[in-house]
Amino acid sequence: MTKSDKEIADYLGKNGQIFCEELHDRSHHFFRTLPHSYFAIACAISLSWTGHAKYDDDFIFYASAYIDAAIAKDPKIAKLYSLRFGEEGLDTALTNFRIYLNRVKNLMPDFNVCSIQDINVLQQRLLNKLTVFRDNGEVIGIGSWLFLGAFKIILEDQKRFWQNDGIDAIVMPTGLEVDRGIVRLKNEGYSFMKDFDLHWLEENKGTLSDNYATCIMVHSHIVKIAKISGTTALQINSALYKYGRKEL
């Protein structure tokens, strides 16, 4: 029997909270113990959640150091740890995250004490910078999905923001599993999905700005579900990952 709008929203909110706790427990020690920049560590972890790389401690150690420009490239790493997008896809992501971070390090706040508004401003500033880097050919292979991934990892680590009213302003990534979860909700006929256009989830060959605008539209519907459940987009986004895999 299909749940009501409120029942499914509460179900996703509850299970998303549990999953966020699990994700926090899995990754928090990296931020506590690794000597590299916070953002480099977030980028490294995000590559495991996008399916670029195995979620392996040795990979996170290497990737965070490499993205932070603390070590030279090890050509064996991409072959050893690559998953969904192959060796070339992982190598491209690592190389361009390193180039990208090197150009924006001066913009980074102290993530352990900054406000949620600081992160919101950072997201927009980094988007503007990335647009210029891509247009100039300085950075390739980092689109809206990879760009947003690090922000979700940051919010999952910073539990102090989980009850903050401003957290929903931070745009979350989707990806294959979350997209499947959204399609499932749409097909199940929930009223909060009536105005959701499934074409928004199709791969967009347009500019970074175009793709990001689509991400905002998808995120706004995730926020809508969060408001019904009294949780946040972070929890709903995390639950949709499992909902798309039919683990919920």
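# Reading the terms in this model

User: Why is Lys246 called exposed?

Analyst: Lys246 has a relative accessible area of 68%. Exposed means over 50%, buried under 20% and partly exposed in between (1.4 Å probe, protein chains only), so Lys246 counts as exposed. This is a predicted model, in which local features need pLDDT of at least 70, side-chain atom pairs count only at pLDDT 80 or more, and totals for chains, interfaces and linings use all residues. Residues are numbered from 1 along each chain as its sequence is written, and side-chain values use heavy atoms, with hydrogens and water left out.

User: Where is Lys246, and what is its phi?

Analyst: Lys246 lies in the segment after helix H10 (233-244). Helices are DSSP runs (H or I, at least four residues), as are strands (E, at least two), numbered from the N terminus. Phi of Lys246 is positive, about 60°, although the residue is not a glycine. Most residues other than glycine have a negative phi.

User: What makes Ala69 partly exposed?

Analyst: Its relative accessibility is 41%, a value between the two cut-offs of 20% and 50%. Ala69 is in the loop between H3 and helix H4 (76-81), and its phi is also positive, near 60°.

User: Is Gln158 buried or exposed, and how do you know?

Analyst: Gln158 is buried, because its relative accessible area is 5%. The residue is found in the loop between helix H7 (144-157) and helix H8 (176-187). Leaving aside neighbours within four places in sequence, Gln158 is in contact (heavy atoms within 4.5 Å) with Tyr38, Phe111 and Asn112.

User: Why is the pair of Phe39 and Tyr100 called edge-to-face?

Analyst: The structure holds 19 aromatic pairs. Rings of Phe, Tyr and Trp (its six-membered ring) pair if their centres lie within 6.5 Å; planes under 30 degrees apart count as stacked, over 60 as edge-to-face and the rest as tilted. Phe39 and Tyr100 are 6.5 Å apart centre to centre, with 65° between the planes, and that angle is over 60, so the pair is edge-to-face. Phe39 is in helix H2 (residues 38-49) and Tyr100 in helix H5 (residues 86-104), 61 residues apart. Phe39 is buried at 2% relative accessible area, and Tyr100 is buried at 1%.

User: What makes the pair of Tyr62 and Tyr66 stacked?

Analyst: Their ring centres are 5.7 Å apart and their planes are at 10°, so the pair is stacked. Both residues lie in helix H3 (residues 57-67), 4 residues apart, about one turn of the helix. Tyr62 counts as buried at 10%, and Tyr66 at 6%.

User: How do you know that a charge sits over the ring of Tyr55?

Analyst: The test is that NZ of Lys or CZ of Arg is within 6 Å of the ring centre and within 35 degrees of the ring normal. The charged end of Arg26 sits over the ring of Tyr55, 4.0 Å from its centre. Lys242 lies over the face of Phe19, at 4.7 Å from the ring centre.

User: Why is H1 described as it is relative to H9?

Analyst: The axes of helix H1 (residues 5-33) and helix H9 (residues 208-229) come within 8 Å and cross at roughly 95°. Axes are lines fitted to C-alpha atoms, for helices over the stretch in contact, and angles run from 0 to 180 degrees between N-to-C directions. Angles under 35 degrees count as roughly parallel, over 145 as roughly antiparallel, 65 to 115 as roughly perpendicular and the rest as oblique, so H1 is roughly perpendicular to H9.
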